[in-house]
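Hi,

Here is the structure I said I would pass on.

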Amino acid sequence: MKKTLWTRNFTLVTLASALGAMGGIAGGFALAFLVFDETGSTLASALVIAMNVIPGFLLPLVAAPWMDRLPRKPVLVAGDVINGLLYGLAGLYLLRFRFSYLGYLLFSLLLSSLDCLDSLAYKSIYPMLIPLGQEERGYTVAGMLYPVLKVLMTPVAAVLYDAIGVGWILVIQAGFSLLAALTESRIQVREESRMEGRRASLAMWWQDVKEAARYLKEERGLQSIYGYMAVTNGVAAGYSPLLVAFFRTAPGLTTAMYSLFSVAEFLGRSLGGLLHYHVEIPEKKKFSLAFWVYQIYETMDMCLLWLPYPLMLVNRGICGFLGINSATMRQAAVQQYIPERLRARVNAFEDMVLFAATGLLSLGVGALGELLDYRLCVTLAAGVTLAVCWGTIWKNRREVRAVYETKRS
């Protein structure tokens with residue numbers, strides 16, 4: 001009998017993810033415009049983003065040890081229920097009262113904390129919901145879901161923003177979150193408590209943190225993957241303001257032309273996802289393919305701003321195509337490789353490293369853009385990232401290859 005990806009559990013988790021994403025995209029779009037409309041300040045919007053980084057850096061360390069001892073499904077369901085209630089109350093508030101920037105900062109911080117816990121639980125339980133042998137197809141679906149919904153929901157949110165206002169959009173988002181929680185509650189997965197008859201305590205938490213730290217200390221393959229991904233994602237975050245500045249100042253280029261980058265990446269990502277969904281890559285070729293994708297990706301970034309505009313779009317399309325394929329292989333490989341009892345803690349470590357690197361490197365690349373030509377700045381940053389790839393992924397290729405070639409049993 002041919003194995004299928006679309007089992008009951010996988011269908012339910014995908015539907016729940018879609019419902020949550022649809023509401024989140026619409027609500028996020030509306031709130032972003034509301035903050036600027038009410039304050040008239042880009043700094044005020046930036047402060048919201050900066051505050052949202054704090055939970056993502058701190059909470060994983062606190063919560064992950066407990067998530068590895070307790071069932072994750074209740075965290076998913078409860079998170080969406082609370083999320084729905086908060087958005088519903090916020091929507092009703094805006095329908096009757098004026099916007100408060102300080103209140104929104106606190107509201108945003110609370111939502112970011114919930115999202116952090118929800119993301120940690122999702123990443124830890126998701127591999128358990130994918131049928132054996134269908135891991136890469138499952139992660140391909142997950143990787144394509146948000147970009148596709150963003151393209152569909154952003155124009156809808158723009159229309160709703162003018163037609164019914166932010167308050168009702170948040171009420172609608174609350175409904176999506178509650179539907180997502182109802183869908184997740186129907187997932188059937190066997191999870192056992194690992195409290196071992198002991199009460200929760202600070203000593204137990206610290207013991208679990210040390211266990212994960214010892215595991216990661218011995219895993220040079222995971223260290224290399226996390227190190228490279230932290231640098232490449234952090235540097236990529238720093239490119240964003242440089243690209244905006246370049247398109248605002250370079251003769252013949254416009255902001256609208258820059259906006260087409262996302263379209264080109266989306267098309268490339270969609271084609272790459274469709275290919276990866278239908279074509280199975282042999283285990284022995286995954287590491288080599290991933291490594292060369294990283295080389296091509298960084299080289300594409302190095303030459304991006306030196307190309308004529310049509311080739312820039314081709315460049316972004318190729319990066320989108322390659323990016324989803326390498327990301328799918330990496331996510332499936334890493335999550336299969338990590339022992340299930342350690343998964344939340346190891347994923348928490350990855351999240352903390354990514355948040356820290358994004359904060360520091362995005363500021364560093366942005367500061368470099370104040371000193372150098374924007375094109376030269378992007379080229380140098382991508383060159384450094386390429387060197388980091390060789391110093392991590394290639395230097396420890398035996399250990400990294402072992403991560404990519406581990407099969408779930």
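A quick word on terms before the cavity part: a cavity here is a set of grid points where a 1.4 Å probe fits but cannot get out. Please keep in mind that this is a predicted model.

With that rule, the count is 1 cavity of 30 Å³ or more. The volume of the largest cavity comes to about 40 Å³. Which residues line the largest cavity? They are Val13, Thr14, Ser17, Tyr122, Tyr126, Val141, Ala142 and Leu145. Two helices, α1 (8-39) and α5 (135-163), each give at least two residues to that lining. By class, the lining has 6 nonpolar and 2 polar residues, with no charged ones.

Now for the helix pairs. As you know, two packed helices are described by the angle between their axes and by the distance between those axes.

Helix α3 covers residues 73-96 and helix α4 covers residues 101-125; they pack at about 155°, and their axes are 9 Å apart. That angle makes α3 roughly antiparallel to α4, and the crossing of the two is left-handed.

Next come α8 (residues 220-249) and α10 (residues 286-303). Their axes are 13 Å apart, at an angle of about 20°, so α8 and α10 are roughly parallel to each other. The crossing of α8 and α10 is left-handed. From α8, the contact takes in Tyr228, Met229, Thr232 and Tyr239, while α10 brings Tyr294, Glu298 and Asp301. The contact of α8 with α10 splits into 4 nonpolar, 1 polar and 2 charged residues.

The last pair is α11 (residues 309-337) with α14 (residues 397-404). How do their axes cross? They come within 8 Å and cross at roughly 85°, and α11 and α14 are therefore roughly perpendicular to each other. Met329, Arg330, Ala333, Val334 and Tyr337 of α11 touch Ala402, Val403 and Tyr404 of α14. This contact of α11 with α14 holds 7 nonpolar residues and 1 charged residue, with no polar ones.

That's what I have for now.

Cheers

Technical notes:
Residues are numbered from 1 along each chain as its sequence is written. This is a predicted model: local features need pLDDT of at least 70, side-chain atom pairs count only at pLDDT 80 or more; totals for chains, interfaces and linings use all residues. Side-chain values use heavy atoms; hydrogens and water are left out. Axes are lines fitted to C-alpha atoms, for helices over the stretch in contact, and angles run from 0 to 180 degrees between N-to-C directions. Helices (H or I, at least four residues) and strands (E, at least two) are DSSP runs, numbered from the N terminus. Angles under 35 degrees count as roughly parallel, over 145 as roughly antiparallel, 65 to 115 as roughly perpendicular and the rest as oblique. A crossing is left-handed if the near helix is turned anticlockwise from the far one by less than a right angle, and right-handed if clockwise. On a 1 Å grid over the protein atoms alone, a cavity is a set of points where a 1.4 Å probe fits but cannot get out, and a pocket is an open set with protein on both sides within 12 Å along at least five of seven lines; lining residues have an atom within 4 Å of a point. Grid points are joined across faces, edges and corners, and a volume is the space filled by probe spheres set on the points. Ala, Val, Leu, Ile, Met, Phe, Trp, Tyr, Cys and Pro count as nonpolar, Asp, Glu, Lys and Arg as charged, and the others, Gly among them, as polar. Contact means heavy atoms within 4.5 Å.
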